[in-house]
Amino acid sequence: MASEGADITQLLHEWGAGNREAENELFAMVMPDLRRLAHHLMKGERKGHSLQATELVNQIYVRLIAARNQDWQNRRHFFAIAARAMRRYLIDHARARPDVRFTALDIDDLLPGVNPSLNLALTIDRLLEQMAAMEPEWCQIVEIKYFLGLSDEEAAEALGIKLRTMQRSWRDARQWLFERLEPGNAPRSAQ
Amino acid sequence: MPLDPRNNEIIVTNDELVMRLVEQALDRPAEDREGYVRKACGEDASLFEIVWHYVTWDERMKSFLLHPAGSLLAEEGELEPGLVLENRFRIVRKVSAGGMGVVYEARDEKLGRRIAIKCAKAGFDARLPPEVRHASEINHPNVCKTWEIHTASHPGPDFDFFTMEFIEGKTLAERLREGPLPDNEARIVANQLCAGLAEAHRHQVIHGDLKSNNILLAKGTDGTRAVITDFGLARPWSAQGPGVMSGDLGGTPGYMAPELLKGERPSAASDIYALGVILHELAAGRMPFDSTVPLGEPAVRRPPLLRHPWRRVIARCLEPDPARRYPEVSEVAAALIPFPLRRWSAIAAAIAIAALAGAIGYRTIGVSQEVIRLAVLPFATDADSKSLSDGLLQDTTDRLRQVRDKSRKLTVIPMRDAVQNKVDAPEKAATLLGATHVLSGTLHRDNGRVTIHSSLMDARSRLPLKEWDAEYQPNELRSMPVALAGMVTGSLRLPPLATAATVNAAAYADFAAGVGLLQRDSVDGAIALLERAVAADPDSPLTYARLADAQERKYDLSLDSIWLDRARSDLQEAQRRDPDLSLLWVVSGRINEVRGRYEEAESDLRRALEIDPRDGDAWRRLGLVFQDNNRFGESIVSFRKAIEVQPDYFPNHMDLCTLYTQQANYDEAVQQCRKVVELAPDLSDGHVGLAISLFCRGNYAEADSEFLRSTELDPASATAIFSQAFAFASRGRPREAIPLFRRAIEIGPAWYLMYSGLGTAHRLAGNPAAARKAYQSGLDLAEKDLEKHPRYTILRAQLAYLCARVGERGRAESEAIQARELAPASVEVAWWLVQAWDAIGKQDEALALLQHVPDDALRRLNREADLADLRRSSRFQQLIALRHVE
């Protein structure tokens, strides 16, 4: 894996330039670890270690690149791809769930009712496709905050921007999505 | 008051300013916010617009998107492949999601083995009931082995899971969907189910939800194995979901006994009911009752009539009244055996018992009569000692009169009668006194010291039964009648006299402490204390016997024969004081065994068992003696008796495992070793034994993990290392074996088999010179060992092999022939001889031996043993094909 460090850098660059195949390759590399990360992150509350999730993603990064260089450009890309991969992963997972069934006779398969947050995630995912065309940076923030679930500080650090800037953009992005989520919300200019 | 950017103090960027203000506004109660913002922004209207914008949107959106999407997973509660629980269990894949639990295949990274993990489905109560803990005690091939129960805290809230045996195979339900089972297979499955369920009930574990879905048919090299899973799980896992009919009652409709539907708790009887249903499925390929009949409707449930030998058994299992069903699973199993076979098993059992009873040692000539009439003749002595002699004999007679035997009567004809009737020679006692046996002897006194010589004789045949000499100091005389009486009861196979051996107060503390030390293998300390005890209570046979015990153990450890001599002499002291002390005979048996005197050892142990039939140690030692003597059937019986008498004493199981392994009954061997590991999980040797038997059976992966475990537990165990080395060499990895053999030799003590293994490893790795050197070292050691244990036939066979490898063909042949004659029934011997013959190039002899070797051994030979030339021969191939042992 270490010898592929250069490849990953290359892949990240290519992905940054819009190469979808690079994206797929990166996903494949990153996915097993991300699953673990996802589980770790979703473990109830995160007890105060504000940079814990970042650490974990860092570890994955370091493992893959095998070098502790603070290449900001790469790290930022890496977090971005991690968040993108996480989004892909969660959505695929959500979509793959069997249709809800509830039957008194079939006691082997008792499932609860439709999961509301499931629907939400799917909707957001769809909306993000639109958002990406208009505000790519917002898209990244949503992926990092909502799909990867980093805290504000972690997200700012990962994106390499100031905390307050991140927070503002996050609010903007949320509002954009909120408006489009329910037909009743009249779109208003955020500026 | 607007915050001045020129004021270096705090905020610089617009974003920071805006967000800071937004946050502070949101900190305030809703009604105060607008006021605050207006004030904070002062005259900056556009700033106000912006900040206020964010504040109002925040109020509208509330927590929108603030909960990360990953919570989807948390709600699922499902474990993803790659997830590691408790830093130890790595999930591989989901296997099934039936019933109320999800099963995953996983890998126990700590022990390096494949396991299954079961946990509750999301939405169900995730805590395991206590019943499941009991299930983990059961160790039986037809019960899914569960190991530990763990609590994990991620992902999501705490949940319990437990680890269990990973079983590859279909459920019985799935298999039945493909079509009915052939008769013999159905019978095998039925028997196995009964065996597993019986074992569970023996442990007071009720299954509660037995059904064909819960029975896995595990594939194995040794045929199908039916395994019952999900013990104790059904009922108490409460469903949180909306109520399902029988789910609430905790069972599966078609299998639930009527009393369960009425709300009673599951019981052994309801398990038997379910068993009946399964038997019906096996017999007829379908369930007995129409399962679309709604539950709760009173039983208009008539099983359709079956024409099948099992129909009566099934009908009784399915009796609506639990009291009318079979009371125990073992009875179900017995009922399934067709009658003629049942009779045969009873006969077979009887023969086994008779064999044991019949194999009494050579000393019991003339014991079978109903009444023993023992004439005591006055001992020949000088005039001064006559009264002493007569008095002692009288004491002896009185003691003997106390003997109570259920089946035989002892009549003692006292000395007076012999005198009156002028019986001056033992030969006359039969005709003159009607005696069946005669006790006579001489007594000699010298300076107070008394020497007696006594003999017991069969009066009619005049065959001497026992000669016995002893010497007593004046203060010891009170022991003499006890000893003499004991000699008689021993020789005549009568129950011992009720003299409880005791230790006096002065000696007791040291005695008890010494015995305690002995239990802990602190042999030197034990010897010191027991010597003191002996000194403090010279009259006690017990102190001497225990001292001899300790000395024998010291010999085992040091191999210095001085200890053996001391032990024997102390035993004699004990015997002089009370020959009916069973401990004495057990120790004597050990000493004889160690000296290779197997008949004496057997006889000693039998005497010990007559005195105390519940002495498990004696049974075990008897088993070992039989084994050394190649009497395997009796050996197994003895070990099983030892187990019966001492159920959880692991050395019994270890010995039985070794025996079965040597006889190529690998299934039994594995079962015994599993028991050892269960009883003493941290005992490295237990894992070694299990590894070896698994290995022999061909379960290489599990064997490897057991080897690993054994070396983990005791890295310095030569046994573990050496066994693993053997495994490597047998599996085509000789290079890895070589350093291990060396290490084992280094750790020591040196054992010929280690050198033999090293030699083979070198040979297979292509180092013939090194191989020969190792073999020669092995041969030298083996020769020395054989001198000490000439009857140990396995050793002889191994010697033959070593001779063959070193080039001493002639000797190899003669030893091989001898070994075969000594132990024609020993599979282990055959194993080595086949290799020896092959090494000399005598394929005919090798093949001749192979004809009589059991299938499992043959299979193993084919897989493992280094039989280069033989394997190439077409006759070997034919044999393998014929016996279906690829």
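This is a predicted model: local features need pLDDT of at least 70, side-chain atom pairs count only at pLDDT 80 or more; totals for chains, interfaces and linings use all residues.
Trainee: Why are helix 27 and helix 28 of chain B called roughly antiparallel?
Mentor: Look at the angle. Helix 27 (residues 666-679) of chain B packs against helix 28 (residues 684-697) of chain B at about 160°. Angles over 145 degrees count as roughly antiparallel. So helix 27 of chain B is roughly antiparallel to helix 28 of chain B.

Trainee: What else describes this pair?
Mentor: The axes of helix 27 and helix 28 of chain B are 8 Å apart. Their crossing is left-handed.

Trainee: Which residues of helix 27 of chain B meet helix 28 of chain B?
Mentor: Among them are B:Tyr666, B:Val670 and B:Cys673. On the helix 28 side, the residues include B:Gly686, B:Leu690 and B:Leu694. The contact residues divide into nine nonpolar, four polar and three charged.

Trainee: How do you know that helix 24 and helix 25 of chain B are roughly antiparallel?
Mentor: Use the cut-off again. The axes of helix 24 (residues 616-628) and helix 25 (residues 632-645) of chain B cross at roughly 165°. The limit to pass is 145 degrees. Helix 24 and helix 25 of chain B are therefore roughly antiparallel to each other. Their axes come within 8 Å, and the crossing is left-handed.

Trainee: Which residues make that contact?
Mentor: Helix 24 of chain B supplies B:Trp619, B:Leu622 and B:Phe626, among others. Helix 25 of chain B supplies residues including B:Phe632, B:Phe639 and B:Val645.

Trainee: Why is B:Glu199 called buried?
Mentor: Its relative accessible area is 15%. Buried means under 20%. So B:Glu199 is buried. B:Glu199 lies in helix 7 (residues 183-202) of chain B. Leaving aside neighbours within four places in sequence, B:Glu199 is in contact with B:Ile138, B:Asn139 and B:His140.

Trainee: Which residues are buried in helix 7 of chain A?
Mentor: In helix 7 (residues 152-159) of chain A, they are A:Glu154, A:Ala155, A:Ala156, A:Ala158 and A:Leu159. A:Gly160 follows that helix, with a positive phi near 75°.

Trainee: How many residues does the largest nonpolar core have?
Mentor: That core has 65 residues. B:Phe741, B:Leu833, B:Leu850 and B:Leu870 have the most contacts inside it. Leaving aside neighbours within four places in sequence, B:Phe741 is in contact with residues including B:Phe722, B:Phe726 and B:Met754. A second, separate core has 43 residues, including B:Ala507 and B:Phe626.

Note on methods. Residues are numbered from 1 along each chain as its sequence is written. Chains are lettered from A and ligands numbered from 1 in the order in which they are written. Side-chain values use heavy atoms; hydrogens and water are left out. Axes are lines fitted to C-alpha atoms, for helices over the stretch in contact, and angles run from 0 to 180 degrees between N-to-C directions. Helices (H or I, at least four residues) and strands (E, at least two) are DSSP runs, numbered from the N terminus. Angles under 35 degrees count as roughly parallel, over 145 as roughly antiparallel, 65 to 115 as roughly perpendicular and the rest as oblique. A crossing is left-handed if the near helix is turned anticlockwise from the far one by less than a right angle, and right-handed if clockwise. Contact means heavy atoms within 4.5 Å. Ala, Val, Leu, Ile, Met, Phe, Trp, Tyr, Cys and Pro count as nonpolar, Asp, Glu, Lys and Arg as charged, and the others, Gly among them, as polar. Buried means under 20% relative accessible area, exposed over 50%, partly exposed in between (1.4 Å probe, protein chains only). A nonpolar core is a set of buried Ala, Val, Leu, Ile, Met, Phe, Trp, Tyr and Cys residues joined through side-chain atoms within 4.5 Å.
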